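Student: I have a new structure to read. Can you show me how to go through it, feature by feature?

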Amino acid sequence: MAAAKDSKLIFAPAGTNSTQRADQYTKGSLSRPQLDPSPFTQFHAWFTHARSSGVQQPETVCFSTAHLPSGRVSSRYVYLKELDGRGFVVYSNWLHSRKAQDVQSNPYASLAFWWGDVERQVRVEGKVERLSEEESQAYYDLRARGSRIGAWASEQSQVLPKELGEREVLERRVREVEERFEGREDIPVPSFWGGMRIVPEMVEFWQGRESRLHDRFKYSRNGEDGDWEIERLSP
């Protein structure tokens with residue numbers, strides 16, 4: 001039976017508590033002297049700490065884009081695969097996917113990392129730029145063969161027709177690509193697949209605190225060559 005429109009299917013979930021009060025964050029604090037002048041160095045330090053603290057797959061990140069002129073936002077979880085002195089790199093299909101369509105109309109995107117075991121999150125906002133084919137090939141060569149084949153076979157986010165067998169359509173494409181590259185390990189990266197670097201204009205570091213009085217610091221700058229300014233934000 002469908003729920004009535006005015007009924008609450010979920011109300012004030014409380015994590016591990018037996019009450020309706022949310023869990024308190026007590027594992028750390030963040031102050032200005034702890035921050036590196038560079039958000040890239042600061043992120044690397046936090047990422048390393050998350051890994052050493054047992055956070056499962058700390059490279060998992062929510063990647064959000066928005067399509068223009070509608071302004072409709074879409075989000076999905078992807079893996080951060082690279083961090084360099086320019087930005088944060090993810091890999092995907094840049095022809096068929098929803099994110100590709102969004103980026104073509106609007107080059108701005110955001111990333112949001114959540115590391116619950118250490119009660120930290122990081123937000124990134126900036127412009128996206130496509131990596132070169134050479135850069136994408138270097139990462140592509142590290143992927144398992146099945147994943148490289150899959151990148152060729154999948155028209156990401158496109159409908160698999162029910163009348164044609166849905167999953168069978170995908171599996172048939174995989175078989176065709178396997179035949180195409182049979183006996184080869186030097187599989188070229190597809191022209192429609194590769195890396196996208198989010199070049200940040202803003203990076204926020206968030207440390208959970210008791211009573212929702214969290215520590216928040218924002219790095220921002222004007223232009224890619226400007227100095228980073230650090231400001232504390234209200235929780």
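Tutor: Start with a rule for strands. Two strands pair if DSSP finds at least two bridges between them. In this predicted model, strand 5 and strand 6 run antiparallel and are joined by 8 bridges.

Student: Which residue is the bridge partner of Ala-109 in strand 6?

Tutor: Gly-126 is the partner of Ala-109. Strand 6 also pairs with strand 7, again in the antiparallel sense, over 11 bridges. There, Arg-130 stands opposite Met-196 of strand 7.

Student: How many residues lie between the strands in the hairpin of strand 5 and strand 6?

Tutor: There are 4 residues between them. Glu-119 in this hairpin takes a positive phi near 55°.

Student: And how do side chains sit along a strand?

Tutor: In a regular strand the side chains alternate between the two faces of the sheet.

Student: Let me step back. How many helices and strands does the protein have?

Tutor: It has 5 helices and 9 strands. Along the sequence the pattern reads α-β-β-β-β-α-β-β-α-α-α-β-β-β. The C-alpha atoms fill a box of roughly 60 × 55 × 40 Å along the principal axes.

Student: What share of the residues is buried?

Tutor: Buried means under 20% relative accessible area. By that rule, 39% of the 235 residues are buried.

Student: How do I read a nonpolar core?

Tutor: Look for buried nonpolar residues joined through side-chain atoms within 4.5 Å. The largest such core here has 33 residues. Phe-43, Phe-63, Leu-111, Phe-113, Trp-115, Val-122 and Phe-205 have the most contacts inside it. Several elements give two or more residues to this core, including helix 1, strand 5, strand 6 and strand 7. Helix 1 gives the largest share, 5 residues.

Student: Now a single residue. Is Trp-46 buried or exposed?

Tutor: Trp-46 has a relative accessible area of 4%, so it is buried. Trp-46 sits in helix 1, residues 39-52. Leave aside its neighbours within four places in sequence. Trp-46 then touches Leu-30, Trp-115, Arg-120, Gln-121, Val-122, Phe-205, Trp-206 and Gln-207.

Student: What does Leu-111 contact, leaving aside its neighbours within four places in sequence?

Tutor: Its contacts are Val-61, Cys-62, Phe-63, Phe-88, Val-122, Arg-123, Val-124 and Ile-198.

Student: Why does Ser-211 count as exposed?

Tutor: The cut-off for exposed is over 50%. Ser-211 counts as exposed because its relative accessibility is 52%. Glu-166, at 40%, is partly exposed.

Student: Where is the peptide bond that is cis?

Tutor: Look from Leu-68 to Pro-69: that bond is cis, with omega near 15°. Pro-69 is in the loop between strand 1 and strand 2.

Key
Residues are numbered from 1 along each chain as its sequence is written. This is a predicted model: local features need pLDDT of at least 70, side-chain atom pairs count only at pLDDT 80 or more; totals for chains, interfaces and linings use all residues. Side-chain values use heavy atoms; hydrogens and water are left out. Buried means under 20% relative accessible area, exposed over 50%, partly exposed in between (1.4 Å probe, protein chains only). Contact means heavy atoms within 4.5 Å.
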